[in-house]
Structures are given as C-alpha cells and as structure tokens.
Amino acid sequence: MAALRAFKSAENSGAEIPDVVCFEKQDDWGGQWNFTWRTGTDGYGEPVHSSMYRNLWSNGPKEALEFAEYTFDEHFNRPISSYPPREVLWDYINGRAQQSEVKDLVRFAHVVRRVEFDDQRRKFTVTVDDLRNHVTEVRVFDQVIVSTGHFSFPNVPDITGIESFPGEVIHAHEFRGAERFAGQRLLLVGGSYSAEDIGIQSHKMGARHVTMSYRSGPQGFAWPDGVDEKPQIERIDGSVATFVDGSSGEFDAVVLCTGYLHHYPFLPDSLHLRSPNNLYPNDLYRGVTWNANPQLHYLGAQDQWFTFNMFDAQAWFVRDLILGRVELPDADARASHMRQWSDRYQAVADDAAAVRFQADYIRDLIEQTDYPMFDLDEVVRIFLEWKADKKQNILTYRDQAYRSVMTGTMAVVHHTRWIDELDDSRERYLDAQTTADSVS
Ligand SMILES: Cc1cc2nc3c(=O)[nH]c(=O)nc-3n(C[C@H](O)[C@H](O)[C@H](O)COP(=O)(O)OP(=O)(O)OC[C@H]3O[C@@H](n4cnc5c(N)ncnc54)[C@H](O)[C@@H]3O)c2cc1C
Ligand SMILES: NC(=O)c1ccc[n+]([C@@H]2O[C@H](COP(=O)([O-])OP(=O)(O)OC[C@H]3O[C@@H](n4cnc5c(N)ncnc54)[C@H](OP(=O)(O)O)[C@@H]3O)[C@@H](O)[C@H]2O)c1
C-alpha cells in the first residue's frame with residue numbers, strides 16, 4: 001500500500017510512472033490488519049496470512065507510526081487515543097490508500113507462485129494464480145517489490161517431550177483470542193511482543209495463571225498476580241513443564257510465541273532473503289534493495305520499532321530508484337555502504353540505541369526523496385517514554401496519551417481503561433458519547 005501510494009504521489013506531481021500492478025492473495029488489502037477468524041488455510045486453501053486476533057490493540061503509540069503525509073487528524077477529523085485497536089488502524093491505512101485511488105492497481109485474490117529472473121533479458125517472469133477464476137497468468141516485469149511481510153510463517157521449535165502434552169499446543173499465528181483460556185493455566189514460550197501481549201490478554205480474559213518462558217532473558221515487567229516468567233523449558237512430561245532452573249509447573253495449554261520465519265515460497269534461493277528478525281537484514285542495500293540483483297526490492301523486511309512511516313520511507317526510496325531519481329551506486333559501493341550500516345547495527349547495545357538506529361536509517365532514506373521529513377528524534381523520545389510507561393505498569397501503558405509529531409495534536413484518553421475494555425470495534429472506539437476531552 002505504501003509502494004502504490006508512493007508511485008501515485010509521483011504521478012500526481014507530474015512524473016511519468018511505469019505500469020504498476022500489485023498482486024494480493026487475499027480478497028482485501030491491509031495485510032496483517034485484515035483480520036480473519038480462520039487458522040491454517042483460508043477460503044482458497046492458501047496459508048492464512050494474518051497473525052492478528054480479537055482485542056488486538058496497537059502495542060506502540062500511534063504517534064510513532066503516523067504517516068507524514070496522511071495524518072490521523074486528516075483521517076478521523078478529531079483527536080483519538082494513542083493506542084487504537086486493530087479495526088481503527090485498518091480504517092486509517094485503508095483511508096489513505098482509498099484517497100490515492102490505487103485500488104484498481106491491485107489484483108485481489110491473485111497469489112504469486114513463482115518469480116524467476118532471466119539474466120540474459122534482465123527481466124522477471126512472474127507466475128500468478130487467479131484464485132477466483134482458476135487461471136494461471138505469466139507476466140514479465142522489469143522490477144519486483146516484495147511486500148509480503150515476515151510475520152506469517154511460524155517459527156516452531158521442538159521441545160523435548162511436547163508430544164506428550166495432553167492439552168492444546170498452538171503457535172501465536174493461530175491465536176485468535178484469549179477468551180478460550182479463561183480459567184486455564186497457560187504456558188507461553190518466547191520472550192517478546194507476542195508472549196507479552198497474549199500473556200496480558202489472557203490475564204485480562206480470566207486465565208487462571210500465565211507463565212512465559214524466555215530464551216535470552218526475562219522481559220522483566222512488573223507482572224500482575226497470576227503472571228510470571230521462567231527460563232527455558234528443559235522438558236515436558238504430560239501436562240508438567242520443567243524449566244532449566246529446576247522449577248516446574250502444570251499447564252492446560254501451550255502457545256508458542258516463538259516468532260516467524262522470513263519465508264517467500266515464490267522466490268528461488270538466489271533471490272530469497274534469509275534473515276533473523278533484526279534491524280538490518282543482510283544482503284539488502286539500504287535495507288530494501290537486493291544487492292545481488294537491484295531490480296528486486298523488499299519492503300518492511302526488518303524488525304520494526306517504526307512501522308507505517310518506515311514502510312513509506314522505504315517505498316518512496318525504492319520508487320525513486322526505479323524512476324531513476326536516486327542514483328544506484330555500483331555493487332562495491334553498495335556493499336561498502338551495507339558494511340558500514342551493518343557494523344553500526346552490530347554496535348547497538350540496548351533498546352534505546354536500537355530505536356535510534358532505526359530512526360537514523362529512516363532519516364537516511366527520507367533525505368533522498370520528497371517524502372516529508374518529520375521529527376524523528378521526537379519519535380525516538382516517544383518510544384523511550386512508551387518503554388518507561390510499560391516498565392511502570394504493563395496493564396496501563398495503553399491508557400497513556402501522546403502528542404502527534406506531524407500535527408501537534410494531543411491524543412485523547414480513551415473513554416475506557418484498556419484493562420476494562422472488552423469491545424475492540426471501531427464503532428465503540430469512536431463512540432462520541434463516551435470519548436473524553438483532549439487532555440492537551
Ligand atoms: C500479531 C501482530 C501484531 C502487530 N501489531 C502491530 C502494532 O500494534 N503496531 C504496528 O505498527 N505494527 C504491528 N505489527 C507489525 C505489522 O507487521 C505491520 O504493522 C504491517 O502489517 C506490515 O506490513 P507489510 O505490508 O510489510 O506486511 P503484511 O501486513 O504482512 O502484508 C503482506 C501482504 O502480502 C500478501 N501476500 C503474502 N504472500 C503473497 C503472495 N504469494 N501473493 C500475493 N500476496 C501475498 C498478504 O496477503 C498480505 O496482504 C504486528 C504484527 C503482528 C504479526
Ligand atoms: N499489537 C500487539 O499487541 C502485538 C502483539 C503481538 C505481536 N505483535 C508484533 O508482532 C511481531 C512479532 O512479534 P513476536 O513476539 O511474535 O516475534 P519476535 O519479536 O521475533 O520474538 C520471537 C521470540 O521467540 C523467542 N524464540 C525463538 N525461538 C525460540 C526457541 N527455540 N525457544 C524459546 N524461545 C524462542 C525469541 O527469543 P530470543 O529473544 O532469545 O531470540 C523471541 O523472544 C512484532 O512486530 C510485534 O510488535 C504486536
């Protein structure tokens with residue numbers, strides 16, 4: 001959606017743009033934000049894409065992800081709170097894409113099966129299945145932008161004895177809501193955002209007890225009663241998990257919050273990004289362009305503090321590379337640039353440095369395009385305050401409000417505290433009767 005908007009924006013300002021076509025395997029756009037109740041396979045028999053669930057609220061302040069050229073004020077015409085639920089964020093990204101009239105460039109229910117590169121002709125051959133009409137199309141393109149995300153193919157580790165566990169074992173990708181865990185003792189494997197959010201969701205929805213098992217280190221929040229952290233699981237015997245510190249516990253259900261694989265089943269090895277979920281994946285010049293073949297680009301392939309506005313910065317940069325507005329250095333210069341940033345990334349020692357690294361990365365991209373520069377240092381500050389809010393109270397951080405760096409508008413406090421809010425619909429969220437005044 002960012003790439004489509006980027007090309008449209010150039011066209012609107014008089015540039016000649018190439019023919020652009022977007023293949024989307026689902027019936028609608030929005031990617032992760034396009035919620036489905038389904039797990040496993042979708043209505044077309046394709047792997048379900050979204051990993052989102054009922055009652056998913058933004059886990060970072062919206063002021064950190066706001067588009068610089070389509071603000072929340074412009075979309076909602078009034079201040080809203082800093083942590084909207086999924087439906088409201090979908091509405092925002094959909095509103096921007098609708099406004100730029102790019103929907104006719106998208107071929108919905110078209111799944112990309114194969115992308116091949118012909119070295120002689122320097123062209124891509126793309127094989128696409130039209131899922132509704134059962135027609136296979138083969139098209140030729142000069143450039144390919146991979147925007148398929150990297151939080152859809154579960155990373156599923158083996159755990160000794162897990163096959164003896166009598167309860168249900170799922171991956172976070174299949175989690176659709178915490179209501180089902182009411183009264184249960186839940187074991188979450190992993191120590192990052194999915195474990196944290198599914199953990200406190202389950203607590204909110206009445207789980208009897210939640211244990212999160214970390215690999216690298218504890219998340220270290222002041223968990224409420226009934227939620228705790230343990231180190232790695234040594235083994236599972238029936239319903240009992242034993243942890244490497246010798247402690248053990250009995251559980252009713254297990255959710256593997258063990259992250260995702262960068263997996264692009266439509267790409268051959270020579271074009272396939274392989275990376276852990278980090279801030280500077282190898283092989284991508286400026287974090288987007290496949291160095292071994294700069295006609296191929298990836299958007300959003302890195303781990304994400306910044307999201308929507310980073311995708312924009314990347315999309316504008318890739319657009320300008322394709323339009324020839326930004327010069328593509330030769331392979332050696334690209335490799336040296338990548339080394340510099342990779343070394344810088346290796347020196348990142350903590351979360352604050354990681355946020356600053358990603359802010360600098362975005363600044364570097366925006367400086368080369370006409371995407372509106374915004375106060376990235378202020379967004380870094382917001383992220384650090386957000387982290388402090390979470391440290392202070394993991395159950396109330398979503399009740400805090402921030403000021404937009406794009407418009408200066410102060411967010412309102414949501415009419416209901418997050419812990420008490422059981423309705424995540426757009427209607428309920430925007431209910432004027434219950435919306436509190438701006439706290440500015
Ligand atoms: C559980 C969860 C919660 C999150 N919460 C937040 C949050 O609170 N705030 C935030 O800022 N970010 C959040 N994120 C991060 C999220 O990844 C980004 O916000 C954003 O959705 C990434 O956009 P994307 O376009 O890169 O990928 P996606 O949103 O994953 O979209 C990729 C699209 O590619 C399509 N596709 C995939 N394969 C094919 C194919 N072969 N052919 C055709 N189409 C294909 C998919 O159908 C999908 O529409 C969350 C992520 C997850 C997993
Ligand atoms: N809006 C929301 O509330 C919300 C909710 C959920 C997720 N999200 C988003 O979803 C994205 C993905 O988050 P994520 O937490 O699923 O993935 P992630 O951030 O990549 O974290 C994966 C976790 O799994 C652990 N892990 C991996 N292999 C393991 C193994 N073999 N044994 C034990 N632990 C293992 C990792 O441990 P190490 O640290 O040791 O590597 C890490 O803690 C993020 O962008 C996040 O913001 C948002």
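# Classes, angles and pairings in a predicted model

Q: How does the shell around ligand 2 divide by class?
A: In this predicted model, the shell around ligand 2 has seven nonpolar, 12 polar and two charged residues.

Q: Which residues are closest to ligand 2, and how many surround it?
A: The closest are Asn59, Pro157, Ser192, Ser194 and Gly259, and 21 residues surround ligand 2.

Q: Which element gives the most to the shell around ligand 2?
A: Helix 4 does, with three residues. Helix 4 covers residues 193–204 and lies across strand 9 (185–189), strand 10 (209–213), strand 11 and strand 15.

Q: How is helix 4 directed against strand 10?
A: Helix 4 runs at about 170° to strand 10. An angle over 145 degrees counts as roughly antiparallel, so this value falls in that class.

Q: What makes strand 8 and strand 11 the edge strands of their sheet?
A: Each pairs on one side only; strand 8 is 168–171 and strand 11 is 227–230. The sheet is open, with five strands in the order 8-15-9-10-11 and parallel pairing. Neighbouring strands of this sheet are turned by 20° against each other on average, direction ignored.

Q: Why is helix 7 called roughly antiparallel to helix 8?
A: Helix 7 (residues 351–366) and helix 8 (residues 376–392) pack at an angle of about 155°, with their axes 10 Å apart. The limit is 145 degrees and the angle is over it, which makes helix 7 roughly antiparallel to helix 8. Helix 7 passes helix 8 in a right-handed crossing.

Q: Which residues make the contact of helix 7 with helix 8?
A: Asp351, Ala352, Val355, Arg356, Ala359, Ile362 and Arg363 in helix 7 meet Leu376, Val379, Val380, Phe383, Leu384 and Lys387 in helix 8. By class, the residues of this contact are nine nonpolar, no polar and four charged.

Q: Why are helix 1 and helix 5 described by the word oblique?
A: The axes of helix 1 (residues 2–12) and helix 5 (residues 308–322) come within 8 Å and cross at roughly 50°. Parallel needs an angle under 35 degrees and perpendicular needs 65 to 115, so helix 1 and helix 5 are oblique to each other. Their crossing is right-handed.

Q: What makes up the contact between helix 1 and helix 5?
A: Helix 1 brings Ala2, Ala3, Ala6, Phe7 and Ala10, and helix 5 brings Phe311, Asp312, Ala315, Trp316, Val318 and Arg319. These residues divide into nine nonpolar, no polar and two charged.

Q: How do you know that strand 4 pairs with strand 3, and what joins strand 4 to strand 5?
A: Strand 3 (residues 110–118) and strand 4 (residues 123–130) pair in the antiparallel sense over eight bridges. Seven bridges join strand 4 to strand 5 (residues 135–141), again antiparallel. Aspartate 118 stands opposite lysine 123 in strand 4, and valine 126 stands opposite arginine 139 in strand 5.

Q: Which residues take a positive phi in these hairpins?
A: Arginine 122 does in the hairpin of strand 3 and strand 4, near 55°. Histidine 134 does in the hairpin of strand 4 and strand 5, also near 55°.

Q: What makes strand 12 and strand 14 edge strands?
A: The open sheet has the order 12-13-14, with antiparallel pairing. Strand 12 (233–237) and strand 14 (248–250) each have a single partner strand, so one side of each is without a neighbour in the sheet. Strand 13 (residues 240–243) and strand 14 pair over three bridges, with alanine 241 opposite glycine 249.

Q: How many residues surround ligand 1, and how are they classed?
A: There are 26 residues around ligand 1, and the closest are Gly31, Gly149, Phe151, Gly300 and Thr307. The shell has nine nonpolar, 15 polar and two charged residues. Strand 1 (22–24) and strand 3 each supply at least two residues of it.

Notes. Residues are numbered from 1 along each chain as its sequence is written. Chains are lettered from A and ligands numbered from 1 in the order in which they are written. This is a predicted model: local features need pLDDT of at least 70, side-chain atom pairs count only at pLDDT 80 or more; totals for chains, interfaces and linings use all residues. Axes are lines fitted to C-alpha atoms, for helices over the stretch in contact, and angles run from 0 to 180 degrees between N-to-C directions. Helices (H or I, at least four residues) and strands (E, at least two) are DSSP runs, numbered from the N terminus. A crossing is left-handed if the near helix is turned anticlockwise from the far one by less than a right angle, and right-handed if clockwise. Two residues are in contact if their C-beta atoms, placed from the backbone, lie within 7 Å. Ala, Val, Leu, Ile, Met, Phe, Trp, Tyr, Cys and Pro count as nonpolar, Asp, Glu, Lys and Arg as charged, and the others, Gly among them, as polar. Two strands pair if DSSP finds at least two bridges between them. A residue is near a molecule or strand if its C-beta atom, placed from the backbone, lies within 6 Å of it.
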